[in-house]
Amino acid sequence: MSQDNNKHDPYAVLRLADYRYVLGGLFLIGMTHRSQQVAVGWDIYERTGSAMALGWVGVAMFIPVFLLFLPAGQWADRYSRRSLMMISFATASVASLALAFASWAHASEFWIYLAVAANGAAQTISRPARFAIIPSVVPPPLLSSAVAWSTIAGNIAFIGGPALAGLIISESGAVTVYALVFIMNVLGFLCVARIRHRARADTSGAPANLKHLLAGLVHVWKTRVIFAAILLDLVAVLFGGAVALLPIYAKDILHVGATGLGWLAAGPAIGACICAFIMGHLPSPKKAGATLLWSVAGFGVATIVFGWSTNFWLSLVALIAVGALDNISVVIRLTMVQLSTPDALRGRVSAVNSVFISSSNELGAFRAGAMGHWLGAVPAVVLGGFAILALVALQAKAFPELRRLKSMEVPAAAAKG
């Protein structure tokens with residue numbers, strides 16, 4: 001009886017001190033990333049009035065992801081994940097100072113793109129470490145709960161960050177947001193420094209050769225169900241891309257200004273936070289694969305509704321639905337990845353997972369910006385939503401093992417392609 005109670009206690013993981021520090025770091029990463037994203041988008045669009053310029057922000061973020069994701073995963077498996085997170089916060093602090101100076105001095109957009117790229121490098125270094133450190137400080141029975149609470153913390157930040165940024169921009173401009181982001185990065189550094197777990201994940205003495213570097217890619221490729229789940233998320237985010245065009249919607253379509261932009265940007269996080277809280281109190285879904293596919297299809301429908309809407313409240317509700325449905329897929333996919341990966345590989349596998357997700361975000365922003373430039377913002381979003389629906393149907397047929405998957409713990413028979 002006591003074992004069942006422990007198994008279903010949604011707050012057990014929050015009693016672990018190291019996990020609380022990890023959670024604090026994740027919260028501050030979310031606050032800095034999303035508030036800075038809103039400020040950069042508004043800053044660039046105010047300067048240029050160009051959808052294409054918003055797309056180039058995505059490219060600036062993608063370049064360091066592409067260059068660093070494999071080394072970052074290897075570092076997370078060979079060195080202290082805590083130290084890598086601290087390095088990331090330090091790098092992001094410098095990038096936020098550079099953005100503040102560029103905005104204050106009215107420097108050219110080049111310097112904003114350069115600072116965005118530096119922040120992208122910081123995020124790329126951090127992602128594998130912060131994903132891989134959770135199983136190091138949390139026992140396996142609490143891992144699903146830890147993932148759910150981590151998404152709650154991130155999504156609370158994703159609500160507060162954009163909303164706060166929008167209010168600050170309307171009162172004192174983007175430079176104040178960048179200064180606040182610097183302060184939060186410093187606080188994040190101090191929070192992560194309190195984590196007691198400092199051991200390297202890889203104690204095998206394996207050489208850091210090409211085989212070691214590519215081991216995460218090999219594991220994902222051979223684990224067919226995981227590959228399908230990651231590919232599904234990539235498709236959704238690549239063709240979603242509505243967030244990249246929010247400055248255009250806020251200013252030219254919905255006419256709600258910087259404050260409205262903040263709430264629109266917070267919309268997906270509001271939905272994700274509500275959904276993550278509910279999932280944190282529920283047992284794992286009994287049909288994980290089907291749930292994943294339906295959630296991504298719903299994501300596509302909500303994206304279409306947002307794209308066509310000219311009413312602020314309907315647009316906000318659609319974005320809340322986008323976030324809720326995306327969160328379902330995130331929790332299922334991350335739990336599947338963590339449970340199917342040996343600890344010595346978690347950094348490199350998390351790097352592969354994060355580059356799929358991150359690159360789809362950045363390339364999705366470029367896709368949306370380019371289509372918005374040539375076709376207009378509304379067709380760019382709506383056509384992306386329809387593309388998601390078509391590609392989900394194709395993947396459901398191409399990966400029947402994902403459709404039939406019941407448990408989030410991938411069985412050995414389903415793991416290998």
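Me: Is Phe-312 buried or exposed in this predicted model?
Reply: The model is a predicted one. Phe-312 has a relative accessible area of 16%, and the cut-off for buried is under 20%. Phe-312 is therefore buried.

Me: Is Trp-313 buried or exposed?
Reply: The relative accessibility of Trp-313 is 60%. Exposed means over 50%, so Trp-313 counts as exposed.

Me: What kind of aromatic pair do Phe-312 and Trp-313 form?
Reply: A pair of aromatic rings is described by the distance of the centres and the angle of the planes. For Phe-312 and Trp-313 the centres are 5.1 Å apart and the planes stand at 75°. Planes over 60 degrees apart count as edge-to-face. The pair of Phe-312 and Trp-313 is edge-to-face.

Me: How many aromatic pairs does the structure hold?
Reply: Rings pair if their centres lie within 6.5 Å. The number of aromatic pairs in the structure is 8.

Me: How many residues apart in sequence are the parts that the pair of Tyr-249 and Phe-306 ties together?
Reply: Tyr-249 and Phe-306 are each buried, at 0% relative accessibility. Tyr-249 belongs to helix α10 (residues 246–253) and Phe-306 to helix α12 (residues 288–308), so the pair links parts whose separation in sequence is 57 residues.

Me: How many residues of the contact of α2 with α5 are nonpolar, polar and charged?
Reply: The α2 side includes Val-22, Leu-26 and Asp-43, and the α5 side includes Ile-112, Asn-119 and Arg-130. Sorted by type, the contact residues are 12 nonpolar, 6 polar and 5 charged.

Me: Which residues does Ser-88 touch, not counting residues up to four places away in sequence?
Reply: Ser-88 sits in helix α4 (residues 81–104). With 7% relative accessibility, Ser-88 counts as buried. Its contacts, leaving out residues up to four places away in sequence, are Ala-122, Gln-123 and Ser-126.

Me: What distance separates the C-alpha atoms of Leu-167 and Leu-261?
Reply: Leu-167 is in helix α6 (residues 143–172) and is partly exposed, at 43% relative accessible area. Leu-261 is 94 residues from Leu-167 along the chain. The C-alpha atoms of Leu-167 and Leu-261 are separated by 9.3 Å.

Definitions and conventions
Residues numbered from 1 in each chain as written. Predicted model: local features only at pLDDT ≥ 70, side-chain atom pairs only at ≥ 80, totals over all residues. Heavy atoms only, no water. Helix = DSSP H or I, 4+ residues; strand = E, 2+ residues; numbered from the N terminus. Buried < 20%, exposed > 50% of the residue type's maximum accessible area, 1.4 Å probe, protein only. Contact = heavy atoms within 4.5 Å. Nonpolar A, V, L, I, M, F, W, Y, C, P; charged D, E, K, R; others polar. Phe/Tyr/Trp six-rings, centres within 6.5 Å; stacked < 30°, edge-to-face > 60°.
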